[in-house]
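Hi,

Here is the structure I promised to pass on. Have a look at it first, and my notes on what turned up are below.

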Amino acid sequence: MSAQPEPALLHSEEEEALRAAVRDLLTDHCDPAGVIARSESAGVHDVPLWKALSDAMGLAGLLIPEELGGQGASHRETAVVLEELGRAVAPVPYLTSAVVATEALLACGADDLLGELASAATVAALAVGLHVAPGGAFASVRLEDGTLHGELTGIADASAADVLLVPADDGGLYAVRTADATVVPQVSLDLTRPVARVTLDGATGRRLGEAGPAVRRALRTGAGLLASEQLGLADWLLTETVRHLKERRQFNRRVGGFQALKHRLARLWLEVAGLRAAARNAADALATGADTDVAVAVAQAHAARVAVHAAEEALQLHGGIGMTWEHPVHLYLKRAKADSIAYGTAGAHREALAALVDLPAP
């Protein structure tokens with residue numbers, strides 16, 4: 001029996017070029033002050049930025065086959081994009097539409113909707129609570145006399161979606177135009193990824209396929225690639241904190257020169273390096289199909305703790321300025337906290353990993 005190839009954890013030249021292009025775009029169009037100002041407004045999502053990413057750069061169709069108008073790329077390239085979006089805490093529905101909803105549509109073979117997503121004509125959202133882990137139970141609506149009735153809560157980026165992918169109690173996944181549903185914002189800790197309550201009262205929908213396999217595939221991919229977003233958050237926080245401590249002075253010395261702070265930063269660097277390996281391994285596993293469930297569970301069992309710890313350290317080591325609304329650290333802390341329960345908690349992923357390797361759950 002031939003051995004499986006080792007996962008490729010280093011980026012290729014093409015992936016590095018993609019990273020540079022996305023970072024340049026975000027540097028020009030997604031500065032921290034602008035994200036903070038947008039989080040205080042009624043329209044949280046940055047529509048011009050989304051258009052630039054999805055239309056001008058074609059990133060909305062990264063996972064969609066070329067014959068449907070997409071880029072035909074892999075999860076590795078998608079992970080690169082998500083890492084950069086995490087570094088900028090970009091308020092765009094990329095993870096929810098270009099990854100999670102896209103994977104559900106790929107599982108159902110919904111070519112027409114995939115074409116709309118690839119052309120940036122449509123934004124889609126899977127109407128499953130953001131907290132649901134891969135393989136976890138999810139709520140569904142009632143199918144009565146050919147129309148859909150019910151309420152679903154915690155739906156990420158529903159307010160930005162044109163189409164909702166709704167599980168029903170007949171086991172099907174239905175495409176419902178958002179205009180035919182009632183979408184009410186819910187309070188969310190993360191101001192850059194809003195969640196909403198979706199109510200259907202006699203809405204019509206088109207059955208796309210079986211909900212179970214489609215939702216499992218979508219959530220597994222979402223969990224695996226969320227680790228890359230968390231890596232981007234943690235990496236920005238570490239880099240920004242090091243920069244700040246090199247500039248800040250106390251007792252006529254640069255604060256970064258104090259040994260105790262050097263040790264804290266060194267420990268954090270090691271944690272981020274470990275997360276980088278786990279996140280890239282998950283992306284590679286999703287691309288190749290090798291040990292995917294294990295790789296995703298390992299990445300998510302580790303990612304939440306590192307991202308939250310990086311945000312907490314950044315907040316403390318920035319001193320008083322880190323506590324202010326004007327400094328963007330609070331955006332990263334809130335995103336890290338919200339991500340820690342998105343697509344399953346670390347505990348849920350540890351339990352899943354224990355079952356996968358036939359060990360007692362912790």
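A word on pairing before the details: two strands count as paired here if DSSP finds at least two bridges between them. Also keep in mind that this is a predicted model.

Let's start with strand 5 (residues 172–177). Five of its six residues are buried, so by the under 20% cut-off the strand is mostly covered. Strand 4 (residues 163–167) runs antiparallel to strand 5, and five bridges join the two. Within that pairing, Val166 has Tyr174 of strand 5 as its bridge partner. The hairpin made by these two strands has four residues between them, and Gly171 there takes a positive phi near 90°. Strand 5 also pairs with strand 8 (residues 206–210), again antiparallel, over four bridges. Ala175 has Arg206 in strand 8 as its bridge partner.

Then there is an open sheet of four strands, antiparallel, in the order 2-3-7-6. Strand 2 (142–144) and strand 6 (182–186) are the edges, each pairing on one side only. On average, neighbouring strands in this sheet are turned by 15° against each other, ignoring direction. Strand 3 (residues 147–156) and strand 7 (residues 195–203) make an antiparallel pair with seven bridges, and His149 sits opposite Asp201 of strand 7.

Last, the surface: Leu356, Val357 and Leu359 form a nonpolar patch with about 270 Å² of accessible area together. Val357 lies in the segment after helix 11 (346–356), and it counts as partly exposed because its relative accessibility is 42%.

Cheers

Technical notes: Residues are numbered from 1 along each chain as its sequence is written. This is a predicted model: local features need pLDDT of at least 70, side-chain atom pairs count only at pLDDT 80 or more; totals for chains, interfaces and linings use all residues. Side-chain values use heavy atoms; hydrogens and water are left out. Patches are made of residues with over 30% relative accessible area and no salt bridge: like charges are joined within 9 Å, nonpolar side chains (Val, Leu, Ile, Met, Phe, Trp, Tyr) within 5 Å. Accessible areas come from the Shrake-Rupley method with a 1.4 Å probe; for residues, only the protein chains shown count as cover. A salt bridge is a side-chain nitrogen of Lys or Arg within 4 Å of a carboxyl oxygen of Asp or Glu. Buried means under 20% relative accessible area, exposed over 50%, partly exposed in between (1.4 Å probe, protein chains only). Axes are lines fitted to C-alpha atoms, for helices over the stretch in contact, and angles run from 0 to 180 degrees between N-to-C directions.
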